[in-house]
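Subject: The structure you asked for

Hi there,

Here is the structure for you to open alongside this note. My notes on what turned up follow below.

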Amino acid sequence: MFSKADLRPCRHCGKPVRWTTSEAGRPFGVNPEPDPEGNTAVMRDAPGTLRSRRVSTARPLLSHERLMMPHVATCAPPTPEVTQSPRTPPRAAQGRLATVYDLASYRRPR
Ligand SMILES: [Zn+2]
């Protein structure tokens with residue numbers, strides 16, 4: 001029922017998202033594979049449009065629908081690089097300490 005033609009990369013995280021049309025007629029992105037934890041029913045209608053709707057107790061999932069997770073629920077854009085840098089790079093400091101220690105032990109009289 002699903003096709004690769006429905007997949008478009010998310011502009012936030014770059015992951016593939018299956019694009020459906022919500023009941024309001026708006027594009028609604030869900031994760032590509034069905035998810036038992038999801039809350040969105042997705043089905044393809046007769047003209048071939050992938051349609052989604054919110055599942056509720058009043059309107060449970062139907063047999064021709066798949067339960068999907070809205071992509072926004074799991075969208076995790078790559079975290080921006082930390083701009084704060086430590087005052088002294090830890091690796092260089094460790095290297096310097098190790099050098100000092102080596103010299104001291106070298107000079108210790110026997
Ligand atoms: Zn995303």
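This is a predicted model: local features need pLDDT of at least 70, side-chain atom pairs count only at pLDDT 80 or more; totals for chains, interfaces and linings use all residues.

The residues in question are P9, C10, R11, H12, V17, W19, F28, G29, H71, V72 and C75. At least two of the lining residues come from each of β2 (16-21), β3 (27-30) and α1 (71-74), and the space in this pocket is about 230 Å³.

Now to the metal. C10 (SG), C13 (SG), H71 (NE2) and C75 (SG) coordinate the zinc ion at 2.0 to 2.4 Å. The site is tetrahedral, with angles of 102 to 113 degrees among the 4 donor atoms. Along the chain, the donors follow the spacing C-x2-C-x57-H-x3-C. H71 counts as buried because its relative accessibility is 6%, under the 20% cut-off. C75, at 23%, counts as partly exposed.

One more residue to look at is M69, in the loop between β6 (66-68) and α1. M69 counts as buried, at 13% relative accessibility. Although M69 and D35 are 34 residues apart in sequence, their C-alpha atoms are 5.7 Å apart in space. Beyond its neighbours within four places in sequence, M69 is in contact with V30, N31, D35, E37, G38 and T74.

Happy to go through any of this with you.

Best wishes

Notes. Residues are numbered from 1 along each chain as its sequence is written. Side-chain values use heavy atoms; hydrogens and water are left out. Donors are N, O and S atoms within 2.8 Å of the metal (3.2 Å for Na, K and Ca); water is not among the atoms, so sites may look incomplete. Four donors count as tetrahedral if all angles lie between 85 and 135 degrees; four count as square planar and six as octahedral if opposite donors are over 155 degrees apart and all others between 65 and 115; anything else is irregular. Buried means under 20% relative accessible area, exposed over 50%, partly exposed in between (1.4 Å probe, protein chains only). On a 1 Å grid over the protein atoms alone, a cavity is a set of points where a 1.4 Å probe fits but cannot get out, and a pocket is an open set with protein on both sides within 12 Å along at least five of seven lines; lining residues have an atom within 4 Å of a point. Grid points are joined across faces, edges and corners, and a volume is the space filled by probe spheres set on the points. Helices (H or I, at least four residues) and strands (E, at least two) are DSSP runs, numbered from the N terminus. Contact means heavy atoms within 4.5 Å.
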